[in-house]
Each structure stands twice: as structure tokens, then as C-alpha cells.
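Got your viewer open and a selection tool at hand? Let's take a short walk through the fold, one stop at a time.

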Amino acid sequence: MSAAAKLAGFAGVLAVLFGGGALAGAAIGPEPDQPEEHSEMTSTETEHDAARPVRGLAVAEHGLRLVVADPELQRGRAERLAFRVVDERGETVRDFDVEHTKRMHLILARRDLTGFQHLHPEQQADGTWTTTVRLDEAGSYRLFADFSHEDEAQTLASDLRVDGAADLQPLPAPAPTAVSDGGYDVRLDAGRARPGAEADLRFTITKNGVPVHTEPYLGAGGHLVALREGDLAFLHVHPMDDSVAFAATFPTEGRYRLFLQFQHEGRVQTVAFTQEVR
Ligand SMILES: [Cu+2]
């Protein structure tokens, strides 16, 4: 590699890191007005949960803080990732509620909304959560720890870094259909998604033209993560019924990336959509 190319790569990494920091900084601010009705609220959710549709913008919130042991990872290598949730006294939190059949959900996505991963780390005796993670591309990643503690659902987030020149991708244009990593055809019907109003997101899944009935995954027909372009705000989404359908409130205009996961024939499929809201 020439010196010029190295410099260009280095500048690219800097741009990613500083870009991420600027975005995180810009994201701090008052939350938009909340919708008044929560008709699809499930019995396990509190009013308080549903009133916070935007999460995952802060490393510390509601008295809890996310501590990542080593946020620098080597590209393309399986590495141990360790993190803790600590309380206001700095004590490691050990008791977590089971939510969607797990006590901790770990979501990873690069700042350009590629490289999505959904992992379930294991809790060690000292309360630390660990998992093996492999990030194949350089850049700045967002790590979301999604959990419930003392009946309060929380999503705390921090950044991971993979050194090297990041080949950042533009967000794909919105399209009603997408193909999962295992070759399933998925159609999204989002109706009219408007800012501040609850939207029904319904997915229809087929394989070779034949309708697919998904198996339960994390206690529902599927699992959906919605992230806002620009600040990677993590939206509160919940499954609506036994089908692959979710209620989501997009807080603002803009573009969102929806990551749907479902299970069929024992395998978890992942498929992503771009949702425009205006
Ligand atoms: Cu999970």
C-alpha cells in the first residue's frame, strides 16, 4: 500500500470516528412529542416504557451505565467482547428481567447501518456479560445493550471501533421487498408511516413463492430492531400478534433501517428494509 493510500485510509477512519462523535453529540436533546394513545400496548409493558419510543442514544440513563471492557476490536477476528451495567454507586448490576425469553439482548450495527448482529451474551459470576463477536469491516459500530432491570426496559449504547479504512455504504433506497440472508423473500407492508403515530409493520414471508409460517423466535413471530438514520436512535417496537407484525412509533421524519429476524426450519433469518417516514 502506498503512503498516500495509507494516509487516505487513516483520514477515512478519522472521519468515521469523528463523524460518529458528532452524531452522538447532536442526538442529545429533548424527545419529540409522544403520541397519546398506545392501543397496542401489551400487558407486560408499563405506560412509562411506551412513552419512551426512542432509546439507545446514551451510555448512561435512569441511574444505569454501560461499561464496555475494551471497545477496540481487530477486524475479521473472533474476539471476546465484555461489558457490564453499573448502577449509580458503580456496583455491577446482576439482576435482569427476562424479556423476549432472554435477560440480555446485544445488538450491533455499524454507523452506516450495515453489519447488523443480534447476540445473546452470557452472564459471568461477577455480573459481566461476555460473547464472542467478529466484525469483518472496519469502522465505528454502535453497541446496544437491550434489557429490563427492576421492570424497566432500557437500551444503553456505546461505540466499538474496528481500526482500518472504512468503506461506508449509503443507506439502500426504500423498497417493499427484500431477501433474507438465507434466501427467503420478505414483503413489508407499513401502511402510511407518519411521525409520532403508531404504525403497523406487517411482514409476509415466502420461499420459492410458497408462504412460510415462521417458528417462534424469542417468544414471538419474529424480532424487529428499528434504527434511525443519522443518530442510530433505537426505537421501541413490540410484536402485535402471532403473525410477523409489529407496532412501531417513528418519532420523527427521516429514514429508518428495519432489521427483521425470524426463524424457519430451525434457522434464524435476517432481512433489512429502509423505511421512509414523512
Ligand atoms: Cu435478543
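Start by selecting β10 and β11: they form a hairpin with two residues between them, and in that turn Glu-150 has a positive phi of about 50°. This is a predicted model, where local features need pLDDT of at least 70, side-chain atom pairs count only at pLDDT 80 or more, and totals for chains, interfaces and linings use all residues. Residues are numbered from 1 along each chain as its sequence is written, and side-chain values use heavy atoms, with hydrogens and water left out.

Strands here are DSSP E runs of at least two residues, numbered from the N terminus, and two of them pair if DSSP finds at least two bridges between them. Strand β10 (residues 139-149) runs antiparallel to β11 over eleven bridges; pick Ser-140 and you'll find Arg-161 of β11 opposite.

Now stay on β11 (residues 152-162). Nine of its eleven residues are buried, meaning under 20% relative accessible area with a 1.4 Å probe, protein chains only. Leu-73 has Val-162 as its bridge partner in β11.

Next, jump to the largest nonpolar core, which has 26 residues. Such a core is a set of buried Ala, Val, Leu, Ile, Met, Phe, Trp, Tyr and Cys residues joined through side-chain atoms within 4.5 Å. Select Leu-201, Phe-203, Phe-250 and Leu-260, the members that touch the most others. Another core, of 24 residues, lies apart from this one; Leu-66, Leu-81, Leu-135 and Tyr-141 are among its members.

Definitions and conventions
Buried < 20%, exposed > 50% of the residue type's maximum accessible area, 1.4 Å probe, protein only. Helix = DSSP H or I, 4+ residues; strand = E, 2+ residues; numbered from the N terminus.
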